[in-house]
Amino acid sequence: MAAPEAIALTYFPVRARAEPFAMLAAYLGVPVELTIVGREEWPAVKPSTPLGQLPVATWPGSSVPVVQSNTLVRALAQEHGLLPADPATFRLVDMALESAHELTKLINPLSNVLHGESFLQTKQEYADKRGRYFTMLSDLLGDNDFFGGGSRPTPACFMATHVVDLTRSVFGKDETDAAYPALAALCDRVQRLPGVSDYVSNRRPLRAMPEPASAPATAP
């Protein structure tokens, strides 16, 4: 049997909006051909993208670029039967996906680009917001291994894993895991999955976090 063709993915050299898709592809064994766009290259590349942003993916056999990080995750999951067929379960899983994604708007820049006062202000904003979102995500997960209650991970699992992973990098693993043990266990479970484990071991490392200039933000 011929090996599957790769999905072409274009993104920046950071661990942010493309990360849930990359982990999902690794789990499914779907090859991804990654093109990294650096800061110097971005002004020339930006006009060629549908919305002036990344990531952009193109599926084999198609010339239509696909954008929006949640769309990428849902599309790949749908192709491989990871979206719940039951409408009620799908609603809960998709709510978890969107809720985790909402947090990426703060935790992605915190982990990758912010410094100084903007880092401290955004860290406090994220700390103020995280409690409500993480509590709801923990409730949606319940006692299940994965969002949706099945034996296989759903798209929300990869988005939540990305968020928990970055939260650990900013606030510390011990603090994060003690406050939200169910989500911490989910993150570890997903990162141990076949394919994901190798991907996580070999991916680009995060930058060193800025040194705190004042008292760190505390979890609500």
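Two strands count as paired if DSSP finds at least two bridges between them, and that rule puts β3 (residues 56-58) and β4 together, joined by two bridges and running antiparallel. Helices here are DSSP runs of H or I with at least four residues, strands are runs of E with at least two, and both are numbered from the N terminus. The model is predicted, so to speak from the start: local features need pLDDT of at least 70, side-chain atom pairs count only at pLDDT 80 or more, and totals for chains, interfaces and linings use all residues. Residues are numbered from 1 along each chain as its sequence is written, and side-chain values use heavy atoms, with hydrogens and water left out.

**The sheet**

- Four strands make an open, mixed sheet, and their order is β2-β1-β3-β4.
- At the edges sit β2 (32-36) and β4 (66-67), each pairing on one side only.

**α4 against α6**

- Helix α4 (residues 87-112) packs on helix α6 (residues 155-171) at about 30°, with the axes 8 Å apart; axes are lines fitted to C-alpha atoms, for helices over the stretch in contact, and angles run from 0 to 180 degrees between N-to-C directions.
- That angle makes α4 and α6 roughly parallel to each other (under 35 degrees is roughly parallel, over 145 roughly antiparallel, 65 to 115 roughly perpendicular, and the rest oblique).
- Their crossing is left-handed, a label used if the near helix is turned anticlockwise from the far one by less than a right angle, with clockwise giving right-handed.
- The contact (heavy atoms within 4.5 Å) includes Val93, Leu97, Leu103 and Ile107 from α4, and Met159, Val163, Leu166 and Val170 from α6.
- By class, this contact has 14 nonpolar, seven polar and no charged residues; Ala, Val, Leu, Ile, Met, Phe, Trp, Tyr, Cys and Pro count as nonpolar, Asp, Glu, Lys and Arg as charged, and the others, Gly among them, as polar.

**α3 against α4**

- Helix α3 (residues 69-79) packs on α4 at about 150°, with the axes 11 Å apart, and the crossing is right-handed.
- Ser69, Asn70 and Arg74 of α3 make the contact with Asp94, Leu97, Glu98 and His101 of α4.
- The class tally for α3 with α4 is one nonpolar, three polar and three charged residues.

**α1 against α6**

- The axes of α1 and α6 come within 9 Å and cross at roughly 125°, so the two helices are oblique to each other.
- Here α1 passes α6 in a right-handed crossing.
- On the α1 side the contact uses Glu19, Pro20, Met23, Leu24 and Tyr27; on the α6 side, Phe158, Met159, Thr161 and His162.
- Sorted by class, the α1-α6 contact has six nonpolar, two polar and one charged residues.

**Aromatic pairs**

- There are six aromatic pairs in the structure; rings of Phe, Tyr and Trp (its six-membered ring) pair if their centres lie within 6.5 Å, and planes under 30 degrees apart count as stacked, over 60 as edge-to-face and the rest as tilted.
- Phe12 and Trp42 have ring centres 5.0 Å apart and planes at 80°, so this pair is edge-to-face.
- The pair links distant parts of the chain, 30 residues apart: Phe12 is in the loop between β1 (7-11) and α1 (19-28), and Trp42 is in helix α2 (residues 42-45).

- Leu54 and Pro55 are joined by a cis peptide bond with omega of about 15°, and Pro55 lies in the loop between α2 and β3.
- Gln68, in the loop between β4 and α3, has phi near 80°, a positive value in a residue other than glycine.
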